[in-house]
Amino acid sequence: MELNRRTVIAGAAAAGIAATTLGGTAHATGGRKPVKTLFGKLADGTKVYSWSLENGGTRLKVLSWGGVVQSLEIPDRRGRYANVSAGFDNLEDYVAKTPYFGALIGRYGNRIGKGKFTLDGKNYQLSVNDGEQSLHGGTQGFDKRVWDVEPFTKGSDVGLHLYYTSVDGEMGYPGTLKTKVTYTLTRHGDWRVDYEATTDKATVVNLTSHVYFNLAGEGSGTIEDHELQIAASRYTPTDAGLIPTGELAKVAGTPFDFRKAKPIGRDIRVSHPQLVTAKGFDHNWVLDKGITARPEHVATLRDPASGRTMKIATNEPGLQFYSGNFLDGTLTGPSGRTYRQGDALCLETQHFPDSPNKPKFPSTVLRPGQTYRTTTIHTFGC
């Protein structure tokens, strides 16, 4: 029988079991004021800080470098904690090696074909960093910037406000974009991400988070036995450069059908042209609900061995599921174990890739006087 996570936490506390560090045992906690520590320094001497938050049985560590989620600890069905996000234990690896581990992504999450788009009759050339494509904002996207961080407590919630201003022309994008991202841990242990942005010139924007999840624990091996459900009847097939063709294809009868929960590994090695091109899943699912005023549940991830679950709610129209296809054993996490193909996955809430060049896709245009707002909520269970 699957237990409610809050019951597990409360039961551990009633038994008088103290929580420890990674791998420890869960106990009931209230929100604690975020704690700031020095994580490292960049080559130019800029200090990068780590912020530690805890609330409702969830523990979160966030870096001012790239807004990176450096660790996310949640308990299993027996109340034992594990960090369920891939990453590094030092700043140098985040700067030199990271495949976007835990980072905030902007100005534009995912790919823009050939790094080009036209807006209001003007052509723009973006920074190209993925073959011919512009990926996740270019060579110096939001993941490689130092964010200003402001901690807060509000009622029973704790969190961080993160701020970054991207100047006009940065990475080729028009307009000065003022961005605010809020990480909140609620009293129930939910992790909520609220994105906001304004501009002084028409531009395109598509912000997301690039946490690599493994609910069995960081460094524990493959995620192919994780069970995934996505509320989407269609997805966007891609060309050889992983740019959507513009088609909204049905998932029925294909490996891309996650409308009912199934193990990720069940179909990942099927000889389907889209899986061969991407070396696994690296596609955008067209969420059945579309764009909504409030976040709605769109996906559930479960690790049968630990019992940990994660439900995702968003008001975005798309979800990029990436199965860690390009992890190649050259990166080492805090556990001292290397990350190999399929050792972690990403579930990125978003507008569709290459939307600026696909008129039939939901628009990502932001104009002066408008405020970009989107929310994603991660709810953990066991």
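The dialogue below concerns the aromatic rings of this predicted model.

Me: By what two quantities is a pair of aromatic rings described?

Reply: The description rests on the distance of the centres and the angle of the planes. In this structure, 24 aromatic pairs are counted, with centres within 6.5 Å as the criterion. For F88 and Y94, the centres are 5.2 Å apart and the planes stand at 80°, so this pair is edge-to-face, given that angles over 60 degrees fall in that class.

Me: Are F88 and Y94 buried or exposed?

Reply: F88 is buried, because its relative accessibility is 0%. Y94 has a relative accessibility of 1% and therefore also counts as buried.

Me: Which residues form a cluster through ring pairs?

Reply: Ring pairs join F39, F88, Y94, F101, Y212, Y322, F326 and Y339 into a cluster.

Me: How is the pair of F258 and F321 classified, and where do its two residues lie?

Reply: With centres 5.8 Å apart and planes at 85°, the rings of F258 and F321 are edge-to-face. F258 belongs to the loop between β19 (249-250) and β20 (262-263), whereas F321 is in strand β24 (residues 318-322), so the pair ties together parts 63 residues apart in sequence. Both F258 and F321 are buried.

Me: Which charged residues lie over the rings of F258 and Y49?

Reply: K262 lies over the face of F258, 4.4 Å from the ring centre. Over the ring of Y49 sits the charged end of K36, at 4.1 Å from the centre of that ring.

Methods. Residues are numbered from 1 along each chain as its sequence is written. This is a predicted model: local features need pLDDT of at least 70, side-chain atom pairs count only at pLDDT 80 or more; totals for chains, interfaces and linings use all residues. Side-chain values use heavy atoms; hydrogens and water are left out. Rings of Phe, Tyr and Trp (its six-membered ring) pair if their centres lie within 6.5 Å; planes under 30 degrees apart count as stacked, over 60 as edge-to-face and the rest as tilted. Buried means under 20% relative accessible area, exposed over 50%, partly exposed in between (1.4 Å probe, protein chains only). Helices (H or I, at least four residues) and strands (E, at least two) are DSSP runs, numbered from the N terminus. A charge sits over a ring if NZ of Lys or CZ of Arg is within 6 Å of the ring centre and within 35 degrees of the ring normal.
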